[in-house]
Amino acid sequence: MLFSSTPKATREELFDREEELSELEKLLNIYPIVVVTGLRRVGKSSLIRVYLNEHENYFMSIDVRKLYEMSFGNISSLHLTRLVGEELNKISKIEKLSSFLRKIRGISIHGSSVEIDAKQFELSDMFEKLEAFAAKNNKNFIVFFDEAQYLKFYGARGGEEIRMLLAYSYDNLPHVRFIFTGSEVGMLHDFLKFEDPDSPLYGRAMGFLTVKPFSFELSLEFLRKGFEELEEKIDFDLSEVVKQLDGIVGYLVLFGLKYMTMKNKDKALQEVFSTMSVLFEKELSEITKRSPRYMTVLKSIAIGINTWTGLKNVLHARGDFVSDSRLFSVLETLQKLSLVEKFQDRYRITDQVLERILRENRV
Ligand SMILES: Nc1ncnc2c1ncn2[C@@H]1O[C@H](COP(=O)(O)OP(=O)(O)OP(=O)(O)O)[C@@H](O)[C@H]1O
Ligand SMILES: [Mg+2]
């Protein structure tokens, strides 16, 4: 069903995205690491899940945002090992694989369940065994890290251990391939550090794919199809909805779901904005805790005060005599979080829904 709130897992449920699916396949054949970025709710996780379920026999997926939350912001190897254990449990059902899994240090298999002794277990050893398995079967083993920018909270060195492991795998384990996604594009690049000569991943070529919002026409068709599936007759102009929500599929789905309970276009739209306000508030709470400047800058940009001088004047008028370097770093962080983008010396909010939420002071 198109209007469902969890990420899609099968081809039938996924609307469009043919091109992205074949591009992903192409990139994974070329590069050991593929980085998939795109705005929040644009459909990254769905795309990759469908790809993995349809095209790949052997993979594991780690939701790093979940890891970050369950570890309260300090991801340790124990946390990661626990999630890896859950994934190994799923794939241990593949008969051919289970004999390879037994060879991993710290792993024991009882019936169809996998137990990990975290003291003995090492990711590098696991990757080596998975490489041996994949090479023997002439396949790749894909490791998918969703919202991978949170890996910078792994260990005490900003995720350096993971970068070292990735570099080792990149150079030595050709059948183990990685997909990273991130909605905070700059943060993800900061974690991967492939342009930093001091980083283990420096100079390694990677594949990049950006998942874009649907075009206006496709968004209309998506809504039409979604309602058709539910046999719902629509008596209003769907283009009104797309104009307000843009082609971000997660918002369109939310609208569809709200409409089905409320049967009123305007109320359903309002509900989308209310739901998203709560989510954005949670998401922005971390930076606003760091400094109230972030919110002032975001709200100013949303109402059209979008130049460097304009923003500086707003802060000054509030008695905040911010230095140029501080303002620069505030804007830089907002861009790395993909909340703001710069276009010909002007800043703008990347997401139209967030822009309105900010403009209307809902966060
Ligand atoms: N191509 C698609 N066809 C139908 N529904 C989709 C498609 N892509 C995404 N969705 C739906 O949109 C919503 C958001 O999708 P998804 O979670 O995949 O996006 P995301 O970019 O990973 O979001 P987030 O930034 O929250 O991680 C979900 O309800 C999902 O079912
Ligand atoms: Mg996602």
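1. Start in strand β6, where the bridge partner of F144 is I179. Strands β5 and β6 pair in the parallel sense over five bridges; pairing requires at least two DSSP bridges between two strands. From β5 the chain crosses through helix α7 (residues 160-172) to β6, and this β-α-β crossover is right-handed. That is, with the strands pointing away from the viewer, the path from the first strand over the helix to the second runs clockwise.

2. This is a predicted model: local features need pLDDT of at least 70, side-chain atom pairs count only at pLDDT 80 or more, and totals for chains, interfaces and linings use all residues. Residues are numbered from 1 along each chain, and side-chain values use heavy atoms, without hydrogens or water.

3. β1 also pairs with β6, in the parallel sense and over five bridges. Here the partner of I33 in β6 is F178.

4. β6 is mostly covered: seven of its seven residues are buried (under 20% relative accessible area, 1.4 Å probe, protein chains only). V176, F178, F180 and G182 point one way, and R177, I179 and T181 the other. In a regular strand the side chains alternate between the two faces of the sheet.

5. Helix α2 covers residues 44-55; helices are DSSP runs of H or I with at least four residues, strands runs of E with at least two. At 1.5 Å a residue its twelve residues should span 16 Å, and the end C-alpha atoms are 16 Å apart, which agrees. The expected span counts one less than the number of residues.

6. Buried residues of α2 include L47, I48, V50 and L52. The helix's buried residues pack against α1, β1, β2, β5, β6 and β7, with contact meaning heavy atoms within 4.5 Å.

Terms used:
Chains lettered and ligands numbered in written order. Buried < 20%, exposed > 50% of the residue type's maximum accessible area, 1.4 Å probe, protein only.
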